[in-house]
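Me: Hey, I've just opened this one and I'm new to it. Can you walk me through it?
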Amino acid sequence: MKIVADDKIPTLKGVFEPYAEITYIPGNSISKEDLKNTDALIVRTRTKCHQALLEDTPVKMVATATIGTDHLDVPWLEQAGIKWCNAPGCNSGSVRQYIASVLAHLILEGMVPAATTIGIVGVGMVGKKVAQLAHALGFKVLLNDPPRQRMEKSDQFCDLSYLLKHADIVTFHTPLNKRGQDATFHLFNKDTLRQLKKGAIVINSSRGEVTDTRTLLRGMDNGHLARVVLDVWESEPDIHHDLHQKVWLGTPHIAGYSVDGKANGSIMTIHAIAKEFDLPLTQWQPQTLPMPENPFIYLEATDEPGYITAAKAILKTYNVSEDDARLRENPQNFEKQRGSYPVRREFHKWTVVPHAQTNSETRQILKDLGFILK
Ligand SMILES: NC(=O)C1=CN([C@@H]2O[C@H](COP(=O)(O)OP(=O)(O)OC[C@H]3O[C@@H](n4cnc5c(N)ncnc54)[C@H](O)[C@@H]3O)[C@@H](O)[C@H]2O)C=CC1
Ligand SMILES: O=C(O)C(=O)[C@H](O)COP(=O)(O)O
């Protein structure tokens with residue numbers, strides 16, 4: 001059996017070697033020539049898997065170690081009889097931690113959660129976790145997800161226009177879809193900007209094309225948008241210079257890059273390939289994953305509200321402004337920064353040691369966020 005794999009998928013190296021010949025290639029340079037004798041292709045978002053790459057190759061399965069599938073031409077793969085799979089939910093906890101870090105900065109600048117409404121557009125694996133996070137910190141939450149609303153006939157969802165009118169923070173967690181009634185390409189555009197509450201904050205960690213660059217620029221220039229946070233960009237890694245200069249926080253598509261999120265993506269991919277090709281790896285797990293040097297957070301005596309203590313704890317696990325600073329210093333190293341990302345572990349790998357005076361409300365918030373409490 002022959003496999004071609006993106007060379008930046010962690011924990012993959014050594015796993016298939018006893019059973020298959022595997023070649024590792026940078027994702028954006030995998031070519032038809034590389035796939036001449038290949039049975040399975042393992043990719044990330046950097047390999048466009050369409051007819052031009054795969055036609056007349058023996059590839060039987062394409063597995064992407066990501067949730068997003070906009071780099072796969074799914075209708076073509078299906079009509080060509082090539083199986084495909086992704087890794088649903090693999091990095092949803094990681095994106096939740098990213099959003100938590102953004103909210104932590106806002107809280108430490110004085111934002112009061114109980115007086116702030118977060119509008120979540122796209123309530124799938126990520127959106128649900130962001131909603132749980134926002135509730136845990138005490139924010140008011142609005143949810144928009146027309147596909148789920150139609151299917152579940154639930155009244156927990158609202159229209160996008162209602163959400164835009166009432167939310168102080170709007171965060172996008174939809175897939176990128178260019179066609180159909182739920183198309184999300186430029187979902188945030190000049191018409192949606194017009195409906196948005198003045199002074200709102202927009203966060204996009206879904207796909208760059210979900211928020212129109214010109215609209216974001218216009219919104220920031222005329223003061224309609226108070227702040228913009230972008231992890232994803234139209235035409236990344238070549239990001240728009242002015243947009244990058246103007247956003248409050250700008251990061252190189254790393255919201256899903258916790259060690260946990262990356263490992264989940266690899267594990268799901270390995271299991272799927274093993275199942276399809278009958279390899280004895282369907283239960284495979286990594287032996288160890290890197291940990292932060294000191295995964296303990298010691299709380300001090302304080303009478304501050306629990307959400308402030310929680311915000312400080314969140315930033316000890318992951319401070320989004322460090323990723324922002326790296327990209328600001330070297331925007332041309334967008335891909336390089338993704339390829340050599342520091343160790344980031346999610347809340348459940350951190351132990352919070354409360355002070356004797358830490359009250360029960362604060363302890364509950366920290367537990368709800370997923371911290372281990374000693
Ligand atoms: N920046 C990063 O590192 C990461 C980015 N992502 C992006 O975030 C997206 C969401 O991730 P998950 O929640 O795991 O995917 P998911 O598939 O579990 O959830 C997507 C949700 O969006 C909803 N949706 C679809 N069209 C919509 C529309 N027009 N308006 C509102 N909602 C709509 C769907 O019904 C679904 O509930 C991914 O497709 C990917 O593009 C995901 C993980 C990491
Ligand atoms: O899972 C997704 O979808 C994402 O956007 C990933 O976080 C991007 O991951 P890579 O393609 O860089 O592995």
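Me: Which residues come nearest to ligand 1?
Reply: This is a predicted model, and in it Gly68, Gly122, Gly124, Val126 and Gly256 come nearest, out of 33 residues around ligand 1.

Me: And which elements give two or more residues to that shell?
Reply: Those are helix H3 (92-108), helix H4 (125-137) and helix H5 (146-152).

Me: How do the shell residues divide by class?
Reply: There are 12 nonpolar, 16 polar and five charged residues around ligand 1.

Me: New topic: strand S8. Which way do its residues point, and are they buried or exposed?
Reply: In S8 (residues 169-172), Ile169 and Thr171 point one way, while Val170 and Phe172 point the other, and all are buried. In general, side chains in a regular strand alternate between the two faces of the sheet.

Me: What does S8 pair with?
Reply: On strand S6 (residues 117-121), the pairing with S8 is parallel, with four bridges, and Gly119 sits opposite Val170. S8 also runs parallel to strand S9 (residues 200-204), again joined by four bridges, with Phe172 opposite Asn204.

Me: How does the chain get from S8 to S9?
Reply: Through helix H7 (residues 190-195), in a right-handed β-α-β crossover.

Me: OK, domains. What does the assignment give?
Reply: Domain 1 is 2-86 + 258-276, domain 2 is 92-250 and domain 3 is 296-373.

Me: How many residues are in contact between domain 2 and domain 3?
Reply: 22 residues of domain 2 contact 21 of domain 3. On the domain 2 side, H3 gives the largest share, 11 residues. By class, that side has 13 nonpolar, eight polar and one charged.

Methods
Residues are numbered from 1 along each chain as its sequence is written. Chains are lettered from A and ligands numbered from 1 in the order in which they are written. This is a predicted model: local features need pLDDT of at least 70, side-chain atom pairs count only at pLDDT 80 or more; totals for chains, interfaces and linings use all residues. A residue is near a molecule or strand if its C-beta atom, placed from the backbone, lies within 6 Å of it. Ala, Val, Leu, Ile, Met, Phe, Trp, Tyr, Cys and Pro count as nonpolar, Asp, Glu, Lys and Arg as charged, and the others, Gly among them, as polar. A residue is buried if 20 or more other C-beta atoms lie within 10 Å of its own, exposed if 12 or fewer, and partly exposed in between; C-beta atoms are placed from the backbone. Two strands pair if DSSP finds at least two bridges between them. A crossover is right-handed if, with the strands pointing away from the viewer, the path from the first strand over the helix to the second runs clockwise. Domain bounds come from an automatic or database domain assignment. Two residues are in contact if their C-beta atoms, placed from the backbone, lie within 7 Å.
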